[in-house]
Amino acid sequence: MAETPDLETVLSIVEELWPASLAESWDAVGLVVGRRDRPVSTIHFAVDPVSAVVEEACDAGADLLITHHPLLLRGVTTVEAGTFKGEVIHRLIESGCALLTAHTNGDSAVGGVNDVLAEILGLEDSAPLQAAESGLPEEGLGRIGTLPAGTTLGEFAAKVFGILPAVAGGVRVAGDRDAFVQRVALCGGAGDSLLAAAREAGADVYITADLRHHPASEAREAAGVGGRPFLIDVSHFASEWMWLPAAAQALDRALADRGYDVSVAVSGINTDPWDFVITPGR
Ligand SMILES: [Zn+2]
């Protein structure tokens, strides 16, 4: 008969899938709330540990909430329940739900955020844009690969829009709508630190999120032949949500392989902070 794992066992499998050593030095990944000897029969995945997501997980009876983004990244002097982070921590503890962060380790890993995006977009021969400092050659931030057939920037942007979860802001594109694109660089989440790497890798187009005026403007000025790489700016939430079903499935399979039976679910809550957009564009 299938067994129920304890949290320590789940953590050891999470470490195999998304090793903490792959996290960036500024990051805070791993267990945030929870007792390692508690049984885990229900696991919930989400991008953001915001109150609506925590309510959803606790209402579903989750024993463990795994989020991509950290709840606590900078110095904290109180978890008083009157603060929104303190309230989240109280709700989790009172519900017996642990909280685990898989952030930049989840970005860099094989089968992580960037790998999954590359796969969903159909990129072939994809490799990291920036290799991990302490990892395998196939681990690291961002990915670059080639579409099996070239297309136009407009068609490709429409494909990206159609694949990602729908958010108010849609996708923004910099470049000639009719230009040919085949070599694609991407970085889930905020990827302006890899703008130069995308250009140097010969990308026709770079997909990432949270592109601000100056980095985007300067990248357009520094662009190579024909203005490449073009830029596709997507929702930070949407780009990282894409990982969740694959991550949930990978953890579910790894647990099942070891004879454990756990129910795994993915949050359906849109935690993109924007609600509507006003634009003169098409
Ligand atoms: Zn992110």
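Student: Which residue is the bridge partner of Thr208 in strand 12?
Tutor: In this predicted model, Thr208 has Asp233 of strand 12 as its bridge partner. Strand 11, residues 205–209, runs parallel to strand 12 and pairs with it over five bridges, and the chain gets from strand 11 to strand 12 through helix 8 (residues 213–221) in a right-handed β-α-β crossover.

Student: What about strand 9, which sense does its pairing with strand 12 have?
Tutor: Strand 9, residues 172–174, pairs with strand 12 in the antiparallel sense, over three bridges, and there Ala174 stands opposite Leu231.

Student: Is strand 12 buried or exposed, then?
Tutor: Five of the five residues of strand 12 (residues 230–234) are buried, so the strand is largely enclosed by the rest of the structure. Phe230, Ile232 and Val234 point one way, while Leu231 and Asp233 point the other way, and all are buried.

Student: New topic: how many aromatic pairs are there?
Tutor: There are two aromatic pairs. In one, the ring centres of Trp18 and Phe45 are 6.3 Å apart with the planes at 80°, so this pair is edge-to-face.

Student: Which residues make up the aromatic cluster?
Tutor: Trp18, Phe45 and Trp243 form one cluster; Trp18 and Trp243 are buried, and Phe45, at 1% relative accessibility, counts as buried.

Note on methods. Residues are numbered from 1 along each chain as its sequence is written. This is a predicted model: local features need pLDDT of at least 70, side-chain atom pairs count only at pLDDT 80 or more; totals for chains, interfaces and linings use all residues. Side-chain values use heavy atoms; hydrogens and water are left out. Buried means under 20% relative accessible area, exposed over 50%, partly exposed in between (1.4 Å probe, protein chains only). Helices (H or I, at least four residues) and strands (E, at least two) are DSSP runs, numbered from the N terminus. Two strands pair if DSSP finds at least two bridges between them. A crossover is right-handed if, with the strands pointing away from the viewer, the path from the first strand over the helix to the second runs clockwise. Rings of Phe, Tyr and Trp (its six-membered ring) pair if their centres lie within 6.5 Å; planes under 30 degrees apart count as stacked, over 60 as edge-to-face and the rest as tilted.
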